[in-house]
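Thanks, everyone. Let's get the model up on the screen and walk through it.

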Amino acid sequence: KPRYYSIASSSVKNPTRIRLLYRRIKYVTSLGYQREGVCTSYLSYKGDLGNQDTRKAHLAAYINRNTEFRLPKEGHVPILMIAVGCGVSPIRALLEERVALIESGRRLGSARLFLGFRTPDDEVFKAPVEEAIKIGALDDVSVTFASGDKDKRLVTDVLLDEGEYVWNHFESGGVAFVCGGARSFGAAVEDVLLKIFQLHGSLDYSDSEQYLRRVINEKKIMDELA
């Protein structure tokens, strides 16, 4: 059975390499036996054959293309990126591509990132985000943590707080990328968008649903969900 991983790098920046994001899974069964995830453990060991032979094992892989998950061809179009957990992988790829485009002389529209993790220890790719802000590929980032000692919030909470910005973003023709490890996250984002469209677009529930369906059909909301 194949294991699917979102690509965390851009072919514009690295046309011959693919970067993946994964966490090595280790757990204890109900009978007290320690087990490891098959694929993540293999990747962690980098395919080492476990002997004095310096060769590495080959990894059989293929690319399952998501042809709709792309930055807008028109660089001036503003983008929103909304992600939790492993959804940071495609976000990293988008940011890397925007950095590469700016370095090549392209002028891009605004970009804002809403990012959520379970705890501060889970936060990864700080450096690429900071680089993107420094070079102008990212205008602002909001990072939330679902658990911990303090400041427990969800990405959807921040989106609702920034509802006026989100509404104006779509009204101005902007696009959004929604990324996460569960389709329930996509449903949660849609629920909060419906609330935002009602609050800041003065739409009733039926009209807000139609508005959401329209921006989805127009490919102004793209997702990468497990």
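Ground rules before that. This is a predicted model, so local features need pLDDT of at least 70, side-chain atom pairs count only at pLDDT 80 or more, and totals for chains, interfaces and linings use all residues. Residues are numbered from 1 along each chain as its sequence is written, and side-chain values use heavy atoms, with hydrogens and water left out.

Confidence next. pLDDT is the predictor's own confidence in each residue, on a scale from 0 to 100. The protein chain averages 88, and 93% of the residues score at least 70. Helix α1, residues 38-44, is lowest with a mean of 79, while α5 is highest at 97.

Now the fold. The chain has 7 helices and 7 strands. These are DSSP runs, numbered from the N terminus: H or I of at least four residues for helices, E of at least two for strands. Reading from the N terminus, the order is β-β-α-β-α-β-α-β-α-α-β-α-α-β. The C-alpha trace spans about 65 × 50 × 35 Å along its principal axes. Take contacts, meaning heavy atoms within 4.5 Å. Among those between residues at least 6 apart in sequence, 68% join residues at least 24 apart.

Buried means under 20% relative accessible area, exposed over 50%, partly exposed in between. Of the 226 residues, 36% are buried.

Which residues touch the most other members of the largest nonpolar core? Met81, Ile91, Leu95, Leu113, Leu138 and Phe177, out of 26 in that core. The elements giving two or more residues to this core are β3, α2, β4, α3 (126-135) and β6. Helix α2 supplies the largest share, 6 residues. A second, separate core has 23 residues, among them Phe114, Leu159, Leu193 and Tyr211. By nonpolar core I mean buried Ala, Val, Leu, Ile, Met, Phe, Trp, Tyr and Cys residues joined through side-chain atoms within 4.5 Å.

Look at methionine 81. Setting aside neighbours within four places in sequence, its contacts include Ile91, Leu95, Leu113, Phe114 and Phe177. Now valine 129, in helix α3. Valine 129 is buried, at 13% relative accessible area. With the neighbours within four places again left out, valine 129 contacts Leu95, Leu113, Leu138 and Val141.

Next, helix α6, residues 183-201. Its 19 residues reach 26 Å from first C-alpha to last, close to the 27 Å expected at 1.5 Å a residue. That expectation is 1.5 Å times one less than the number of residues. The buried residues of α6 include Phe185, Val189, Leu193 and Phe197. What do the buried residues of α6 pack against? The partners are β3 (79-84), α4 (155-161), α5 (163-171), β6 (175-180), α7 (205-217) and β7 (221-225). Just after α6, serine 202 takes a positive phi of about 55°.

Last topic, salt bridges. The cut-off is a side-chain nitrogen of Lys or Arg within 4 Å of a carboxyl oxygen of Asp or Glu. The whole structure has 10.

Start with glutamate 96 and arginine 92, at 3.2 Å, N to O. Both sit in helix α2 (residues 88-103), 4 residues apart, about one turn. Glutamate 96 is buried at 15%, and arginine 92 is buried at 11%.

Then glutamate 162 and arginine 112, at 3.5 Å, N to O. Glutamate 162 is in the loop between α4 and α5 and arginine 112 is in strand β4 (residues 111-117), so this pair ties together parts 50 residues apart in sequence. Glutamate 162 is partly exposed at 28%, whereas arginine 112 is buried at 10%. Arg112, Asp140 and Glu162 are linked in a network of salt bridges.

One more: lysine 220 with glutamate 218, closest N and O atoms 3.5 Å apart. Lysine 220 is partly exposed at 22%, and glutamate 218 is partly exposed at 38%.

That's the tour.

Notes:
Buried < 20%, exposed > 50% of the residue type's maximum accessible area, 1.4 Å probe, protein only.
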